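Dear colleague,

Please find the structure below.

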Amino acid sequence: MKLNSIFLVIYFLQNNYVEVFMKNKDYKWTLKEVLERFESIEKELSLDKSIIQGVPWWDTLRYQLFNELLIKLELNKNFERNKTIKVKNIISNKIFNFFFTLKNITKFFSPKSPFWLNKNTNIILGHPRRKFEHGVYIDPYTDPFIDLFPKTIDFSVIERVENGRGHLSPSKTKNLFFADILYDLANIISKFRRLKFHQKDLSTISCLEKSIYNEFACSFDILKRVKNIIQYWLGMYPLMHFYFKLKKPKLLFVVVSHAQEAIIAAAKSLGITTIELQHGSPARGKLNYDYTS
């Protein structure tokens, strides 16, 4: 009788394990289910409290990782996979990127260099999503906002590049500067910064990789992603801390805050009030704005 019971237990465990594994691999997830499971993982591992070399890496990673997970589970076909591929190609070609950056240092002397920006102004970190209207390129987020204020209010716009978008001209925006040199300098600084992972940090990242695989049967090299995030932060944060200390902006406005966390943190460390010019609608499951968990 006892022997039969043992065999029944073994049989149940084997079949239950196979059922769970097959569910993870072939189960048709819903967006709500994935979101809830994903949030339960970050809660269990206390990822929002994980700081590595002063970098709150999870705040930067969670949105990108969640969207890539949805792609693998065939729940987000509209997310632009090509952008991720381009970023990977740029990161993998570090030598070319380094020398290309050195060449671009000449932009420091350009009239559009943000180092010529006046002190004590209101800085807007803009975005190159411009529309051509009435013979000029308009920033649909920044220009209408500036128009709301009297001309006596001083605004300076630093426009960054993103995903191959260049700077379009002629532009409507006055006091416009290009952020290219800031990103190039940050990239150079990051090359000379050492990464230091404690065993606790590596354990947290390993648990995250395993938890996602066990839950969704999807594998990610999260350690590599975290290294890239921290390396970038270690270049951008000290540079922007120095820049904001030099320019002493009254306020900092940011269009599209995702991936700008190091810049925002540098401003806040100096007590500079930072505000986002909202470009989209926050909703449940948009993890660049949804911090429900």
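By class, how many residues in the lining of the second largest pocket are nonpolar, polar and charged? The lining has five nonpolar, two polar and six charged residues, where Ala, Val, Leu, Ile, Met, Phe, Trp, Tyr, Cys and Pro count as nonpolar, Asp, Glu, Lys and Arg as charged, and the others, Gly among them, as polar.

This is a predicted model, in which local features need pLDDT of at least 70 and side-chain atom pairs count only at pLDDT 80 or more, while totals for chains, interfaces and linings use all residues. Residues are numbered from 1 along each chain as its sequence is written, and side-chain values use heavy atoms, with hydrogens and water left out.

The pocket (on a 1 Å grid over the protein atoms alone, an open set of points where a 1.4 Å probe fits, with protein on both sides within 12 Å along at least five of seven lines; lining residues have an atom within 4 Å of a point) holds about 320 Å³ of space, a volume being the space filled by probe spheres set on the points. Of its 13 lining residues, I146, D147, K151, I153 and K174 lie nearest the centre. Helix α6 (residues 143–147) gives the largest share of the lining, three residues; helices are DSSP runs of H or I, at least four residues.

The backbone also deserves a note. Most residues other than glycine have a negative phi, and most peptide bonds are trans. S46, however, has a positive phi of about 50°, and S46 is found in the loop between α2 (31–44) and α3 (57–72). Q53 lies in the loop between α2 and α3, with a positive phi near 50°. A cis peptide bond joins S169 and P170, with omega about 0°.

With kind regards

Technical notes:
Helix = DSSP H or I, 4+ residues; strand = E, 2+ residues; numbered from the N terminus.
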